[in-house]
Amino acid sequence: MHHFPFLLALAGLTASCFAAPLAIDVKNPSFEQNAATLIPTPGSFTADNIPLWTASGSGLFRPDTPVNFAPDGVAVVFLNSGSVAQALTFPGGAAVTASPGAQLTVNMLARPRSTTGSCVMAFDARVGGASVAATTATLTLAANATGYTAISSMVKLKDAAGLGAANGQQITLFVSSSGDQANIDQVSATISYPPAINSLSAAPQPATAGQALTISWTVAGAETLNFNGSDVTGQ
């Protein structure tokens with residue numbers, strides 16, 4: 001009687017579609033925490049001081065003209081060719097972690113501060129200060145004399161080889177600007193993880209030619225599964 005190890009082509013079990021986006025708990029998303037103390041009067045601002053954010057070349061600003069209004073509360077953040085960053089967590093406190101092919105979507109209201117200038121917003125995902133993005137996102141904000149624009153940008157993470165030791169580590173959202181000073185407010189974010197086949201096995205092992213196999217698998221992050229039994233082959 002011939003016994004053989006089986007080869008089960010992974011292409012025979014496919015998981016399709018990203019799972020529904022997961023909400024991220026962006027801390028101090030409208031920059032109102034301690035704003036009354038830090039920027040008590042119209043026109044006041046902080047330098048590299050934004051509660052629950054890491055700031056560089058940026059800070060809180062309390063608008064002092066009808067054009068430079070705050071769309072939510074009294075505070076916005078200005079980025080003077082600067083940046084803001086925050087380590088991301090889910091509601092409940094679990095870290096948002098780097099995973100191959102994950103898609104981080106960032107939403108906010110933004111505008112150039114002046115009515116005649118333009119600026120470029122850039123979005124990145126970082127671990128330990130190093131980018132883990134396969135593709136970063138940039139968006140040009142044209143001169144806008146009327147108010148803020150709702151913007152949305154997506155950052156896709158690297159594959160497993162590109163992530164290396166960063167795989168499974170907490171992601172930091174990094175937002176920067178260039179050109180005219182930018183004002184931003186009401187930041188939110190979601191992340192979508194691609195389907196992952198976590199385990200795939202068959203019993204009995206070894207199998208006898210012509211013998212029925214029981215195939216078991218676990219999959220995460222999929223909305224639909226497809227299996228083609230013809231992909232089970234022996235050698």
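How many helices and strands are there in the protein? The predicted model contains 2 helices and 19 strands. Buried residues account for 38% of the 235 residues. Among contacts between residues at least 6 apart in sequence, 72% join residues at least 24 apart. The accessible surface amounts to about 11100 Å². Carbon and sulfur atoms contribute 55% of that surface.

Backbone geometry was examined next. Most residues other than glycine have a negative phi. N28 lies in the loop between strand 4 (22–23) and helix 1 (35–38). N34 also lies in the loop between strand 4 and helix 1. N28 has a relative accessible area of 9%, so it is buried, the cut-off being under 20%. N34 has 45% relative accessibility and therefore counts as partly exposed, a class that lies between 20% and 50%.

Aromatic contacts were considered next. The structure holds 3 aromatic pairs. One of them joins F31 and W53, whose ring centres are 5.6 Å apart. The planes of F31 and W53 meet at 55°, so this pair is tilted. F31 sits in the loop between strand 4 and helix 1. W53 sits in the loop between helix 1 and strand 5 (54–61). The pair thus links distant parts of the chain, 22 residues apart. Both F31 and W53 are buried.

Another pair is formed by F45 and F78. Their ring centres lie 6.1 Å apart. Their planes stand at 85°, so the pair is edge-to-face, a class that requires over 60 degrees. F45 lies in the loop between helix 1 and strand 5, whereas F78 belongs to strand 6 (residues 76–87). The pair therefore ties together parts that are 33 residues apart in sequence. F45 has a relative accessible area of 54% and is exposed. F78, at 11% relative accessibility, counts as buried.

Arginine side chains were also placed relative to aromatic rings. R113 lies over the face of F61, at 4.3 Å from the ring centre. R126 lies over the face of F174, at 3.5 Å from the ring centre.

Technical notes: Residues are numbered from 1 along each chain as its sequence is written. This is a predicted model: local features need pLDDT of at least 70, side-chain atom pairs count only at pLDDT 80 or more; totals for chains, interfaces and linings use all residues. Side-chain values use heavy atoms; hydrogens and water are left out. Helices (H or I, at least four residues) and strands (E, at least two) are DSSP runs, numbered from the N terminus. Buried means under 20% relative accessible area, exposed over 50%, partly exposed in between (1.4 Å probe, protein chains only). Contact means heavy atoms within 4.5 Å. Accessible areas come from the Shrake-Rupley method with a 1.4 Å probe; for residues, only the protein chains shown count as cover. Rings of Phe, Tyr and Trp (its six-membered ring) pair if their centres lie within 6.5 Å; planes under 30 degrees apart count as stacked, over 60 as edge-to-face and the rest as tilted. A charge sits over a ring if NZ of Lys or CZ of Arg is within 6 Å of the ring centre and within 35 degrees of the ring normal.
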